[in-house]
Amino acid sequence: MELRRKKLQRAAGKIVNRWRQMTMSGPYFTWKNNVVETTRLKHAAEKVITRMQQIAIAIPYSIWRANSDAQCQQRSVLQKVALRMNNMLVYKAWATWHENVLEWKRLARAAQKVITRWDNMNLAIPYATWRQKVLETMRLQRAAGKVIHRWGLLALIVPYQSWADNADASKRLAKAAEKIVTRWKCMALARPW
């Protein structure tokens with residue numbers, strides 16, 4: 001048992017030496033001193049309380065202690081409330097900033113759309129006028145084609161019409177000649193009688 005305790009003490013000594021060499025040794029010794037001081041204060045407080053209990057001052061001390069505990073608790077609650085309020089303010093500020101950033105991005109996109117539309121309109125206006133001119137030219141070409149076609153038909157119709165008129169006149173003349181010939185034949189046949 002003694003040997004084991006010595007091993008543990010050596011191991012603890014090594015750990016303490018390492019802590020001393022490291023930057024963590026300061027908080028350890030502060031903690032150790034606080035523990036020693038707290039223990040000493042507890043023993044002293046117990047002695048004082050024992051003495052006060054023996055005297056008539058024990059009752060006001062217990063009231064003071066209860067009030068002190070209540071104040072500590074209230075202070076703790078108020079610190080939590082203040083921390084929550086501070087966190088809420090930080091959150092609201094963050095949320096407002098985030099909303100502002102989103103709004104600026106939305107406005108930038110809208111402005112970019114407007115600028116793009118203006119650019120497109122500036123590009124589209126010459127295109128639209130060119131397109132209108134092309135469509136007008138195509139319409140005029142079709143109209144001119146119809147006129148030329150009509151003129152061509154008229155140019156064909158006039159000789160046809162004159163041929164048809166001549167053919168009709170020739171037919172009329174031929175019919176009239178046939179009638180004359182038939183009459184002459186009838187007259188020639190009728191002479192001997």
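R5 sits partly exposed in this predicted model, with a relative accessible area of 48%. Its partner is E2, and the two side chains meet in a salt bridge, with 3.3 Å from N to O.

**Overall build**
- Going along the sequence, the protein chain reads α-α-α.
- The accessible surface of the protein chain is about 18300 Å², and carbon and sulfur atoms account for 64% of that.

**Salt bridges in general**
- The structure has five salt bridges, and three of them, R5 with E2, R40 with E37 and R106 with E103, are picked out below.
- As background, oppositely charged side chains can pair when their charged atoms come close.

**Helix α1: R5 and E2**
- Both R5 and E2 belong to helix α1, which covers residues 2–21.
- R5 and E2 are three residues apart, or about one turn of the helix.
- E2 is partly exposed at 43% relative accessibility, and R5 is partly exposed too, at 48%.
- The salt bridge between the R5 and E2 side chains spans 3.3 Å, N to O.

**Helix α2: R40 and E37**
- R40 pairs with E37 in a salt bridge whose closest N and O atoms are 2.5 Å apart.
- Helix α2, residues 25–54, carries both R40 and E37, and they are three residues apart, about one turn of the helix.
- R40 has a relative accessible area of 47%, so it counts as partly exposed.
- E37 comes in at 33% relative accessible area, so it is partly exposed as well.

**Helix α3: R106 and E103**
- Helix α3 runs over residues 58–190 and holds both R106 and E103.
- Because R106 and E103 are three residues apart in helix α3, about one helical turn separates them.
- Their salt bridge has its closest N and O atoms 2.6 Å apart.
- R106 is partly exposed, with 41% relative accessibility, and E103 is partly exposed, with a relative accessible area of 35%.

Note on methods
Residues numbered from 1 in each chain as written. Predicted model: local features only at pLDDT ≥ 70, side-chain atom pairs only at ≥ 80, totals over all residues. Heavy atoms only, no water. Helix = DSSP H or I, 4+ residues; strand = E, 2+ residues; numbered from the N terminus. Areas by Shrake-Rupley, 256 points an atom, 1.4 Å probe, with all protein chains shown as cover. Salt bridge = Lys/Arg side-chain N within 4 Å of Asp/Glu carboxyl O. Buried < 20%, exposed > 50% of the residue type's maximum accessible area, 1.4 Å probe, protein only.
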